[in-house]
Amino acid sequence: MERISLNSSLIFNLLNLPPKYYYLNYNIFVLIYPIVFGIPFSLIATYYSFVCGYLKSLFDELTLELRGQFVEHHYQQLLEVYDRTVNVMNTLDAYFSYPAFVIVSSSMVAHFWVGCNLVFTPKENYESYLFPLTFAIFYLFLSQSIVLPASIVNAAAKLTKDEVTSLLGRIPSRYKELKIRLAVYKRDNALSLWKIYDIDKSLNVSIFGTVITYGILIATLKISQETKN
């Protein structure tokens, strides 16, 4: 650090600039680096949230139509719309389940790093907390841009599927036709993290629980190591 300061002082002396500008620029760089690096994540999360909002509105509208009194007269059109909506949902999951997994996993690592940094790294003043807290807020926003919209869409999709399945009892005159048609809807469709975990709101509890658990574990190991020394 002294070598960096010496070189920077020489450069700023040649430019007739005080060294304090170096430290200011360095702090700004350290602050905005994770945000600049996270721009691709931000774009993916924004697009993902937008498509989830679109799917949510479609599922909600379908649910209202399926609950209508005259559903018997246009149930075929509603089932076609349902098929297309589910296809869009499956396409989104096929292309974005892995990026969603990376973003959520990166968020967990980021929050774990922030916790360790706040606990184990000495802070000279309040400004020292600015970078880790900004880092944590940024990645919290990213993870919630994935988890919350996806969990809402999954809940709406399940509700719509229940209404579609209930058509068997509501339209007895078309029972055989509907039984054949609805047989393809046995598989649950949901947005997931890399096809491993279907996203729901309880994922937030799992994320923070995991981060806190590992944080306590590392803190315990550090305390025991200091006690031995």
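Is Asn204 buried or exposed, going by its relative accessibility? At 14% relative accessibility, Asn204 counts as buried, where buried means under 20% relative accessible area, exposed means over 50%, and partly exposed lies in between (1.4 Å probe, protein chains only).

The legends below describe a predicted model, in which local features need pLDDT of at least 70, side-chain atom pairs count only at pLDDT 80 or more, and totals for chains, interfaces and linings use all residues. Residues are numbered from 1 along each chain as its sequence is written, and side-chain values use heavy atoms, with hydrogens and water left out.

**View 1. Overview of the chain.** The chain has eight helices and two strands; helices (H or I, at least four residues) and strands (E, at least two) are DSSP runs, numbered from the N terminus. Along the sequence the order is α-α-α-α-α-α-α-β-β-α. Of the 229 residues, 32% count as buried. The accessible surface comes to about 14,900 Å², and 66% of that surface belongs to carbon and sulfur atoms; areas come from the Shrake-Rupley method with a 1.4 Å probe, and for residues only the protein chains shown count as cover. Contact means heavy atoms within 4.5 Å. Among contacts between residues at least 6 apart in sequence, 77% join residues at least 24 apart.

**View 2. The largest nonpolar core.** This core has 44 residues. A nonpolar core is a set of buried Ala, Val, Leu, Ile, Met, Phe, Trp, Tyr and Cys residues joined through side-chain atoms within 4.5 Å. The residues with the most contacts inside the core are Tyr48, Phe59, Leu79, Ile146, Leu191 and Ile199. At least two core residues come from each of helix 3 (39–66), helix 4, helix 5 (130–165), helix 7 and helix 8 (202–228). Helix 4 gives the most, with 13 residues. In soluble globular proteins, nonpolar side chains tend to be buried together.

View 3. With neighbours within four places in sequence left aside, Phe59 is in contact with Tyr82, Thr85, Val86, Met89, Val153, Ala156, Ala157 and Thr160. Leu55 is in helix 3 and is buried, with a relative accessible area of 0%. Not counting residues up to four places away in sequence, Leu55 touches Thr85, Val88, Met89, Leu92 and Val153. From Leu55 to Asn154 the C-alpha to C-alpha distance is 9.6 Å, across a sequence separation of 99 residues.

**View 4. Helix 4 against helix 7.** The axes of helix 4 (residues 71–120) and helix 7 (residues 175–182) come within 13 Å and cross at roughly 5 degrees. Helix 4 is therefore roughly parallel to helix 7. Axes are lines fitted to C-alpha atoms, for helices over the stretch in contact, and angles run from 0 to 180 degrees between N-to-C directions. Angles under 35 degrees count as roughly parallel, over 145 as roughly antiparallel, 65 to 115 as roughly perpendicular and the rest as oblique. On the helix 4 side, Tyr75, Gln76, Leu79, Glu80 and Asp83 meet Glu177, Leu178, Arg181 and Leu182 of helix 7. The contact residues divide into four nonpolar, one polar and four charged; Ala, Val, Leu, Ile, Met, Phe, Trp, Tyr, Cys and Pro count as nonpolar, Asp, Glu, Lys and Arg as charged, and the others, Gly among them, as polar.

**View 5. Leu78 in helix 4.** Leu78 is found in helix 4 and is buried at a relative accessible area of 9%. Leu78 and Leu62 are 16 residues apart in sequence, and their C-alpha atoms are 7.0 Å apart.

**View 6. Loop between strand 1 and strand 2.** Trp194 is found in the loop between strand 1 (192–193) and strand 2 (197–198), and Lys195 lies in the loop between strand 1 and strand 2 as well. Trp194 is not a glycine but has a positive phi of about 55 degrees. Phi of Lys195 is near 60 degrees, also positive in a residue other than glycine. Most residues other than glycine have a negative phi. Trp194 is partly exposed at 43%, and Lys195 counts as exposed at 54% relative accessibility.

**View 7. Asn204 in helix 8.** Asn204 is found in helix 8. Residues touched by Asn204, not counting those up to four places away in sequence, are Gln144, Val147 and Leu148.
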